[in-house]
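Dear colleague,

I am handing over the structure we spoke about, and below it I have set out what was found in it. Please read the notes with the coordinates open beside them.

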Amino acid sequence: MDAPTTTSSAGSDGSGGNSGDWGWFTPSRRPPEDQRAPDQQSDERAPSRPVNPIRPVGTEADRRTPAAPAPGPGAGDRRGDNRRTGGPANTGPANTGPAPTGRAATGREEHQRPDEVAPAPQDVRPGPDSPFVAPETASPDAILLRRTMAEVEPISDKVTSYFYALLFVQHPELRPLFPAAMDAQRDRLFKAILTAARLIDDPDILTDFLSRLGRGHRKYGTQPEHYPAVGECLIGALTRYAVTTWNDEAEAAWVRAYTAISQIMIDASAEDELIAPAWWQAEVVEHESRTHDIAVITVRPDQPYPFLAGQYTSLETPWWPRVWRHYSFASAPRTDGLLSFHVKAVPAGWVSSALVHRARPGDVIRLGPPAGSMTVDHASDNGLLCLGGGTGIAPIKALVEDVADHGRHRPVEVFYGARNDHDLYDIDTMLRLAQRHPWLAVRPVVSDGPTNGLSGRLPDAVRQYGPWNAFDAYLSGPPGMIRSGVDALVGVGIPSHRIRHDSIEELAAAAE
């Protein structure tokens with residue numbers, strides 16, 4: 001998240017980062033003297049990590065033909081998981097390796113580029129409510145990028161499917177990096193690229209976003225030489241479907257943007273490689289069933305694992321290779337180095353079902369690097385208002401332990417929500433913590449059925465107490481609870497910058 005980069009601004013010739021005169025990702029038209037074989041150019045490039053020069057897919061005429069490639073391996077496979085537990089996407093993405101699905105259009109339905117000259121880019125502008133509207137201070141490249149994104153957004157399924165078809169057909173060596181079926185994660189890589197392009201004029205935010213992605217991609221086996229293939233297929237997909245806005249200037253803008261994007265990720269990965277492994281092996285040492293579908297799993301990493309209370313990690317099981325899911329740490333860092341997770345099995349949840357119903361002590365899983373910013377600011381005197389729904393109580397418990405470990409008696413108010421009393425699977429642990437620490441209050445909230453606690457929705461229960469003007473808020477649970485909880489907290493006067501939770505998009509994508 002804070003790894004330094006060495007990215008320089010990209011020039012109009014398509015260079016970017018530290019990639020020499022031309023860089024490794026360039027426009028389709030180049031001066032004749034540069035039309036040489038890749039091995040003839042390699043000695044002249046000096047990127048911070050070795051990468052290969054590439055071209056967009058074929059010639060401009062080739063890239064505008066209507067024929068689409070056959071779907072690559074795994075296309076149309078819809079066996080992926082469909083739920084989320086715990087704490088990513090990174091951004092990154094947690095796993096940013098989606099595959100095509102059966103939603104791709106048939107040949108006669110595909111959005112094909114017409115032979116006639118397309119209208120000028122100025123003729124297509126995002127609507128006033130579009131997320132791709134460029135601010136008045138936007139750079140020329142940012143304007144071109146956003147116009148392209150606004151055009152392809154309504155047909156994003158087709159663009160994404162075509163992108164992965166190109167990637168797997170033209171670069172079959174990359175297919176083993178992806179799970180056999182990735183329906184739940186299909187859009188992540190492509191959406192991450194578009195998100196980065198939208199942030200091209202915000203270098204600080206862009207660098208933070210991409211650095212996290214670059215570090216996170218190490219666990220997938222991503223290497224610098226893989227980035228050109230992705231860029232090549234991105235340009236191929238945009239060329240095919242951005243019928244109105246695509247021209248020489250748009251292509252050059254995307255080349256410059258992708259070159260800068262890739263170099264930030266490559267540099268962050270290289271920096272991280274010096275200080276941390278790509279993943280940790282961790283042995284299951286305890287498996288405790290709390291309900292028929294919830295288990296508390298404790299693991300011992302094979303080497304020290306640094307993290308902060310409130311963060312989460314990505315996890316891969318031996319039963320579903322290359323399928324990573326995100327789970328929050330259920331405790332603050334421990335002196336014995338053990339890590340705990342609360343996992344709820346859901347229907348069709350590959351990883352969660354395996355962890356709850358199949359994992360046993362002695363099994364070995366993999367952990368990715370820690371992520372997330374839902375951590376305690378120990379320099380502040382504010383109290384903590386914590387809302388935890390379902391297994392979202394896991395990181396809340398970790399935050400409570402973290403406050404206790406720092407020895408400062410700050411007020412902590414925990415609202416623990418569930419559908420019924422039976423689903424309050426960790427209430428005894430939380431109540432014991434409250435008995436031990438007088439600064440901690442724990443209030444169970446049940447939405448359905450009789451209860452010994454508070455009845456109703458979690459956000460409504462919070463409104464009954466307060467005031468909360470001297471508290472920082474922390475939310476963990478299902479995406480719907482996060483959204484309604486944020487609205488309720490803002491409504492009772494807590495500024496949005498003092499409300500912390502994991503990414504809604506990552507929560508929804510990782511609940512599988």
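A residue is called buried when its relative accessible area is under 20% and exposed when that area is over 50%, with partly exposed used for what falls in between. His-406, at 43% relative accessibility, therefore counts as partly exposed. Please keep in mind throughout that this is a predicted model.

On confidence, the protein chain has a mean pLDDT of 76, and 71% of its residues reach 70 or more. The pLDDT stays under 50 over residues 1–124, although the model has 337 contacts beyond four places in sequence for that stretch. Residues 507–512 are also below 50, and this stretch has 34 contacts in the model beyond near neighbours in sequence.

An open sheet of 6 strands has the order 10-9-8-7-11-12, and its pairing is parallel. Its edge strands are strand 10 (454–455) and strand 12, each of which pairs on one side only.

Strand 11, which covers residues 471–476, is mostly covered, with 6 of its 6 residues buried. In a regular strand the side chains alternate between the two faces of the sheet. Taken with helix 13 (residues 479–491), strands 11 and 12 make a right-handed β-α-β unit.

Helix 10 has 14 residues and reaches 20 Å from its first C-alpha to its last, which is close to the 20 Å expected at 1.5 Å a residue. Because 10 of those 14 residues are buried, helix 10 is largely enclosed by the rest of the structure. The C-alpha atoms of His-406 and His-378 are 8.0 Å apart in space, with 28 residues separating the two in sequence. Just after helix 10, Gly-407 takes a positive phi of about 70 degrees.

Helix 7 (residues 226–241) has 16 residues, which at 1.5 Å a residue should span 22 Å, and the 23 Å between its end C-alpha atoms agrees with that. This helix is mostly covered, with 16 of its 16 residues buried.

The antiparallel strands

Strand 1 and strand 2 form a hairpin with 4 residues between them; they run antiparallel and are joined by 7 bridges, with Ser-289 standing opposite Ala-295 in strand 2. Strand 2 is also joined to strand 5 (residues 339–344) by 6 bridges, again in an antiparallel arrangement, and there the bridge partner of Ile-297 is Phe-341. Since 7 of the 8 residues of strand 2 are buried, this strand is largely enclosed by the rest of the structure.

His-292 is found in the loop between strand 1 (280–289) and strand 2 (294–301), and is exposed because its relative accessible area is 65%. Leaving aside residues up to four places away in sequence, His-292 touches Val-356 and His-357. His-292 and Lys-344 are 52 residues apart in sequence and 9.2 Å apart in space, C-alpha to C-alpha.

Cysteines

How many disulfides does the structure hold? The structure holds 0 disulfides. Cys-233 is buried, with a relative accessible area of 0%, and Cys-386 is likewise buried at 0%.

With best regards

How values were computed. Residues numbered from 1 in each chain as written. Predicted model: local features only at pLDDT ≥ 70, side-chain atom pairs only at ≥ 80, totals over all residues. Heavy atoms only, no water. Buried < 20%, exposed > 50% of the residue type's maximum accessible area, 1.4 Å probe, protein only. Helix = DSSP H or I, 4+ residues; strand = E, 2+ residues; numbered from the N terminus. Right-handed = clockwise from strand over helix to strand, strands pointing away. Disulfide = S-S within 2.5 Å. pLDDT = per-residue confidence, 0-100. Contact = heavy atoms within 4.5 Å. Expected span 1.5 Å × (residues − 1). Pairing = 2+ DSSP bridges.
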